[in-house]
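I opened this notebook to keep a record of what I looked up, entry by entry.

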Amino acid sequence: RSSNPTALFKSLSSCLVASGVGNFSLAGSPSYASLLNFSVQNLRFTLPGVRKPAAVVLPASKRDLRRAVLCARGAATAIRVRSGGHSYEGQSYTASGAGAGSAPFVVIDLMNLNRVRVDAASATAWVESGATLGEVYHAVAAASSSSLAFTAGSCSTVGVGGHISGGGFGLLSRKFMLAADNVLDALLVDAEGRVLDRRDMGEDVFWAIRGGGGGSWGAVYAWKLRLVPVPNAVTVFTPKREGSVDDMAGLVHRWQFVGPALPDEFYLSVFLTIGSSSSRSQKDGNSSRRSEVSEMSWVESAAKFAGLSSVAELTSRVSKTKHYGKNKSDYVKGPIPPDALAAILRYLSSGPAPAGYVILDPYGGAMARAAATDTPFPHRAGNLYGMQYGVTWEAGEEGEPRMAWLRRLYAYMAPHVSRDPRAAYVNYIDLDLGTEAADAAAAVGRARETWGTAYFSAENFDRLVRAKTRIDPANVFNNAQSIPPL
Ligand code: FDA
């Protein structure tokens with residue numbers, strides 16, 4: 001490995017040029033900062049002190065992607081693959097400085113690999129990993145006269161590469177499960193530059209890439225997705241409710257018995273923030289008209305819940321607002337008592353206005369009918385809902401006190417959420433749960449004891465380690481919480 005940046009740049013750039021990969025930018029060159037920062041969604045990782053890649057490479061084809069992987073390996077750099085850049089901990093474009101994360105690294109950014117090919121007749125689509133959820137939703141609706149959809153998250157600029165790799169939960173999940181549950185095949189570029197489909201990679205690796213977290217296995221070039229049928233109209237409502245702490249705690253307390261128990265066609269989540277609580281909801285089919293309720297096509301509802309003003313905007317990769325932020329997650333297995341809910345609401349009101357929030361995502365329905373080992377994502381039957389805690393801040397505001405505030409809320413919640421393990425959702429990646437060991441020999445044990453079991457369950461984590469050992473024994477694809485090889 002070269003510790004001399006000039007030699008590294010030379011080796012990398014001459015390999016890329018010789019391989020015909022023309023679109024890349026080395027650290028220090030004029031286009032570097034704008035290419036690197038375009039897909040940085042959490043501004044916390046633009047601050048000084050955050051380790052930056054030696055280069056950003058933008059492949060335009062599967063061939064380019066293979067060659068970019070091989071050139072990075074030839075220059076002995078680690079690889080971070082980036083699709084939408086929405087990792088809450090910046091794992092697609094930063095390095096931690098411990099263990100494998102101390103090596104120089106290259107970002108392979110897939111934003112130009114964003115083609116979506118829909119086959120409406122078979123209700124399937126091949127989607128390049130750099131496509132955003134919005135691009136997929138738009139293409140699927142356009143090719144099927146709005147009769148088909150894909151089940152995945154609500155933010156339109158999230159990339160399918162990272163999203164499907166970690167599960168992918170959204171408004172259709174109570175009916176059709178996760179994005180990862182609807183993957184039929186995939187093309188993975190491994191550390192040797194081979195392109196492997198489901199048969200070539202084998203069932204263990206194919207199982208691992210559908211929920212075992214991004215950044216561990218190779219670069220997923222494309223996914224073959226199962227599309228799902230949707231009616232002409234869905235019914236949506238986003239009622240805002242305000243009231244005393246006790247009234248709101250009572251409302252949320254009742255929601256816990258309703259949201260996760262509704263028929264599969266309903267999705268009713270809760271967003272709690274200072275001064276107000278709102279819920280957003282979607283139901284397949286027609287409804288009786290009420291003032292808060294409206295009907296629209298599924299793709300219009302996807303644009304609405306992404307906060308966009310038109311369906312056309314789904315194809316934009318530009319995030320309208322970017323913040324500094326920190327997120328954490330939990331799973332709730334039994335209803336939280338009203339007094340604890342009231343305490344959360346009071347805590348939110350005492351927090352850094354106006355930027356702390358808690359989201360409750362109802363599970364149940366089809367989510368509870370998959371087995372915990374069907375994919376690496378184990379949070380199935382027995383979970384009432386997932387919780388996401390978040391705090392954001394702006395330039396010039398201090399981040400540390402806000403993150404400390406969020407961590408106190410998380411500590412307070414311990415008696416009310418899942419235990420042994422205290423589970424978490426890998427797509428809401430949280431480095432507070434632990435980071436990679438500096439010593440490779442300790443990596444598997446440390447990961448298993450900390451974040452590995454929390455995200456995946458012990459049984460699934462062990463299978464992930466076996467898959468990693470088979471597909472990437474040299475740990476070329478790594479980050480602070482990637483699956484370590486044996
Ligand atoms: P990014 O490019 O940062 O990648 C994330 C991880 O996956 C990194 O480790 C990266 O190396 C790896 N990776 C990316 N592309 C890869 C590829 N092609 N092959 C292999 N590895 C790859 N989640 C959810 O379930 N439901 C939701 O509704 C939302 N909503 C949401 C809104 C907002 C504003 C944010 C910031 C995040 C969410 N999420 C979410 C979480 C989201 O699913 C999670 O952050 C995804 O990992 C983001 O995927 P990206 O490709 O955008 O991220």
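The entries below go from conventions to sheets, then to rings and a loop contact.

**Conventions.** I am working with a predicted model, in which local features need pLDDT of at least 70 and side-chain atom pairs count only at pLDDT 80 or more, while totals for chains, interfaces and linings use all residues. Residues are numbered from 1 along each chain as its sequence is written, and side-chain values use heavy atoms, with hydrogens and water left out.

**First sheet.** I looked up the strand order and found four strands in an open sheet, β1-β2-β4-β3, with mixed pairing. Helices (H or I, at least four residues) and strands (E, at least two) are DSSP runs numbered from the N terminus, and two strands pair if DSSP finds at least two bridges between them. The edges are β1 (24-26) and β3 (78-82), each of which pairs on one side only. Neighbouring strands are turned by 15° against each other on average, with direction ignored. For angles I note that axes are lines fitted to C-alpha atoms, for helices over the stretch in contact, and that values run from 0 to 180 degrees between N-to-C directions.

Inside this sheet, β2 (residues 55-57) pairs with β4 (residues 105-109) in the parallel sense over three bridges, and A55 stands opposite V106 in β4. Helix α1 (residues 5-19) packs on the sheet and touches β1, β2 and β4, its direction making about 165° with that of β1; contact means heavy atoms within 4.5 Å. Helix α3 (residues 62-74) lies across β2, β3 and β4 and runs at about 175° to β4.

Four bridges join β5 to β6 (residues 124-128) in antiparallel fashion, and D119 stands opposite T124 in β6.

I then followed β8 (residues 183-189), a mostly covered strand in which six of the seven residues are buried; buried means under 20% relative accessible area, exposed over 50%, and partly exposed in between (1.4 Å probe, protein chains only). Six bridges join β8 to β10 (residues 219-226), the two running antiparallel, and D185 stands opposite K224 in β10. On β9, the antiparallel pairing with β8 has two bridges, and L188 stands opposite L196. The hairpin of β8 and β9 has five residues between the strands, and in it G193 takes a positive phi near 80°.

**Aromatic pairs.** How many aromatic pairs does a search of the whole structure find? The search finds 16, where rings of Phe, Tyr and Trp (its six-membered ring) pair if their centres lie within 6.5 Å, and planes under 30 degrees apart count as stacked, over 60 as edge-to-face and the rest as tilted. The pair of F45 and Y93 is edge-to-face because the ring centres are 6.4 Å apart and the planes stand at 75°. This pair links distant parts of the chain, with F45 in the loop between α2 (32-38) and β2 and Y93 in the loop between β3 and β4, 48 residues apart. Both F45 and Y93 are buried.

The pair of F271 and Y357 is stacked, at 5.5 Å centre to centre and 20° between the planes. F271 lies in β14 (residues 266-273) and Y357 in β18 (residues 356-362), so this pair ties together parts 86 residues apart in sequence. F271 counts as partly exposed because its relative accessibility is 33%, whereas Y357, at 16%, counts as buried. I also logged one aromatic cluster formed by Y88, F377, Y425 and Y428.

**Charges over rings.** I took a charge to sit over a ring if NZ of Lys or CZ of Arg is within 6 Å of the ring centre and within 35 degrees of the ring normal. The charged end of R80 sits over the ring of F105, 5.0 Å from its centre, and R422 lies over the face of Y410, at 3.6 Å from the ring centre.

**Loop residue V50.** V50 lies in the loop between α2 and β2. Its C-alpha atom is separated by 7.8 Å from that of A95, 45 residues away along the chain. Leaving aside neighbours within four places in sequence, V50 is in contact with R44, F45 and T94.
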